[in-house]
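Let's take a walk through this protein together. Have the structure open and follow along as we go.

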Amino acid sequence: VPLALSARAVGVYAAPRARTIRTRAATDGDASDRQPIADVIDPQLTAVDSKQFFLGSVTFYVVMTLGSQVVCGFADVHPDVIDSASAINLDQAVYWMIPLLASLTFAVTQSEKFEFLRVVRETFEQSVLPAVAPLGVLGIAALSLGAGVGEEALFRGFLMPWVDARLGDVGASADVAAGVSLASTSLVFGALHAITPQYAIWATWASVIFSLESIRDGLGSAMFTHAFYDFLAFLYIIVAWMPPSADE
């Protein structure tokens with residue numbers, strides 16, 4: 001599910017409380033007795049104004065992008081974010097998107113069959129989607145672009161080459177430095193997207209894909225894939241998961 005990092009940053013959802021409720025329900029009775037998250041989460045914890053969410057997210061990603069570029073200069077990371085982002089291969093970017101879209105399709109279509117997917121779905125139904133859906137296609141496109149550019153600028157544009165260079169400085173071989181930098185930054189990426197433990201694993205895997213794409217086809221390609229995937233994912237999730245309004 002896209003934009004989890006910015007949603008956490010601007011305080012959109014109460015995922016920890018949701019997981020606590022689910023765990024307690026699992027220990028107090030069988031699955032048929034569990035109370036849906038929607039019935040027990042305090043609405044005041046999940047109600048978010050769409051404009052607030054949009055402005056907070058856009059600001060968050062702009063700061064992330066500019067900050068990554070500035071830090072590259074201070075940390076002597078070359079090429080920096082701007083130079084790296086000029087490398088883009090749109091033909092290959094489409095292929096990198098296939099496993100992401102396949103996993104998204106599985107998550108959406110199987111969310112009623114698997115408990116860990118249902119928890120993610122209910123969290124987004126109550127917290128993120130009501131704030132994002134009113135933004136419309138253009139607003140969602142802007143958020144997706146911010147996520148794709150901002151997160152890739154930080155993780156693939158700065159952190160991964162910085163870790164790689166520091167490991168090289170202490171004598172690590174090129175292969176070891178590249179592997180450790182890819183793995184470590186992907187683990188951090190997954191941890192920061194930890195809506196649930198299972199989703200953190202998926203986000204780590206997605207980060208590995210973005211990292212490999214950045215290495216093989218350029219940072220600009222990874223930014224494009226990340227942004228376009230988020231855009232398609234949000235549209236699909238809104239259509240499939242958006243709860244009906246009170247009027248309906």
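This is a predicted model: local features need pLDDT of at least 70, side-chain atom pairs count only at pLDDT 80 or more; totals for chains, interfaces and linings use all residues.

Now check which parts of α12 are tucked away: its buried residues include Tyr 199, Phe 210, Glu 213 and Asp 217. Step just past α12 and you'll find Gly 218, which takes a positive phi of about 105°.

In soluble globular proteins, nonpolar side chains tend to be buried together. Here, the largest nonpolar core has 29 residues, and Leu 129, Val 132 and Phe 234 touch the most other members. The largest share, seven residues, comes from α13. Zoom in on Leu 129 and you'll see that its contacts include Phe 124, Phe 234, Ile 238 and Trp 241. There's also a second, separate core of eight residues, including Val 77, Ala 153, Leu 219 and Met 223.

Now look in the segment after α13 for Pro 243. Is Pro 243 buried or partly exposed? Its relative accessible area is 27%, so Pro 243 counts as partly exposed. Pro 243 and Pro 130 are 113 residues apart along the chain, yet their C-alpha atoms are separated by 8.3 Å.

How confident is the predictor? The chain's mean pLDDT is 84, and 79% of its residues reach 70 or more. Over residues 12-47, though, the pLDDT is below 50.

Notes. Residues are numbered from 1 along each chain as its sequence is written. Side-chain values use heavy atoms; hydrogens and water are left out. Buried means under 20% relative accessible area, exposed over 50%, partly exposed in between (1.4 Å probe, protein chains only). Helices (H or I, at least four residues) and strands (E, at least two) are DSSP runs, numbered from the N terminus. pLDDT is the predictor's confidence in each residue, from 0 to 100. Contact means heavy atoms within 4.5 Å. A nonpolar core is a set of buried Ala, Val, Leu, Ile, Met, Phe, Trp, Tyr and Cys residues joined through side-chain atoms within 4.5 Å. Lists of a residue's contacts leave out its neighbours within four places in sequence.
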